[in-house]
Amino acid sequence: MKTTEKGLPEDIVAYMAECCKLDRSESYLIAVLQRIQNRFGYLSRESMDEVSQRMQIPAARVTGVATFYHFFSFKPKGEHRVTICMGTACFVRGAGKVLDRLKELLGIAEGETTKDGKFSLDTARCLGACALSPVLVVDERVYGNVKPEDVLRILTDHGLPKKDG
């Protein structure tokens, strides 16, 4: 992956340049930020500053847009992203207990990443799979009807080391 002297990959810089040629180029800001997050897993201060400079959008506006939308992250995420749905259907059917088991096994709270960088734990308001509640997503794989006793198996399938005993 070739990067510019400032740090963003050349393909993202080229995409920004194309966006800047279009009418209302500022309306492509979210798409640019999504490309950066898809590449790096989060938005760094440096990358947002470079977007601001290259697209001639005030830094406060770039930051404002990025912080407004919950799907943007400002901290590096783990190799495996674990998300538990906490929507009404999932919560009523035991998502809180599944979340407690995830926290116990991973040793982190929601919004955190394990020290080894392997797992990040997040919650979602609704994942739109209420018939499968409670729903757990690891990376892009969806698990339905999850019970606390299923969590260890699911995590070990994604690389969590099995503990003796």
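Reply: Helix 2 (residues 29-40) packs with helix 4 (residues 59-68) at an angle of about 70°. Their axes lie 11 Å apart. Axes here are lines fitted to C-alpha atoms, for helices over the stretch in contact, and angles run from 0 to 180 degrees between N-to-C directions. Helix 2 and helix 4 are therefore roughly perpendicular to each other. On this scale, angles under 35 degrees count as roughly parallel, over 145 as roughly antiparallel, 65 to 115 as roughly perpendicular and the rest as oblique.

Which residues make the contact? Helix 2 supplies L29, I30 and L33. Helix 4 supplies R61, V62, V65 and A66. Contact means heavy atoms within 4.5 Å. By class, the contact of helix 2 with helix 4 has six nonpolar residues, no polar ones and one charged residue. Ala, Val, Leu, Ile, Met, Phe, Trp, Tyr, Cys and Pro count as nonpolar, Asp, Glu, Lys and Arg as charged, and the others, Gly among them, as polar.

This is a predicted model: local features need pLDDT of at least 70, side-chain atom pairs count only at pLDDT 80 or more, and totals for chains, interfaces and linings use all residues. Residues are numbered from 1 along each chain as its sequence is written, and side-chain values use heavy atoms, with hydrogens and water left out.

Helix 3 (residues 45-55) joins the picture. Its buried residues are S47, M48, E50, V51, S52 and M55. They pack against helix 1 (10-20), helix 2 and helix 4. Buried means under 20% relative accessible area, exposed over 50%, partly exposed in between (1.4 Å probe, protein chains only). Just after helix 3, Q56 takes a positive phi of about 55°.

Next comes S73. It sits in the loop between helix 4 and strand 1. Its relative accessibility is 9%, so S73 counts as buried. The side chain of S73 reaches the backbone oxygen of K75 at 3.0 Å. Leaving aside neighbours within four places in sequence, S73 is in contact with Q37, G41, Y42 and L43.

Four strands form an open sheet in the order 2-1-3-4, with mixed pairing. Strand 2 (119-124) and strand 4 (141-143) stand at the edges, each with a single partner strand, so one side of each is left without a neighbour in the sheet. The twist averages 20° from one strand to the next. Two strands pair if DSSP finds at least two bridges between them. Strand 1 (residues 80-85) and strand 2 run parallel, joined by six bridges. V82 has L121 in strand 2 as its bridge partner, and T83 stands opposite D122 in strand 2. Strand 2 is mostly covered: five of its six residues are buried.

Step back to the whole protein. It has seven helices and four strands. Helices (H or I, at least four residues) and strands (E, at least two) are DSSP runs, numbered from the N terminus. Along the sequence, the pattern is α-α-α-α-β-α-α-β-β-β-α. Buried residues make up 40% of the 165 residues. The C-alpha trace spans about 55 × 35 × 25 Å along its principal axes.

Key. A polar contact is a pair of N or O atoms within 3.5 Å; within protein, one must be able to donate a hydrogen and the other to accept it, and residues adjacent in sequence count only if both atoms are side-chain atoms.
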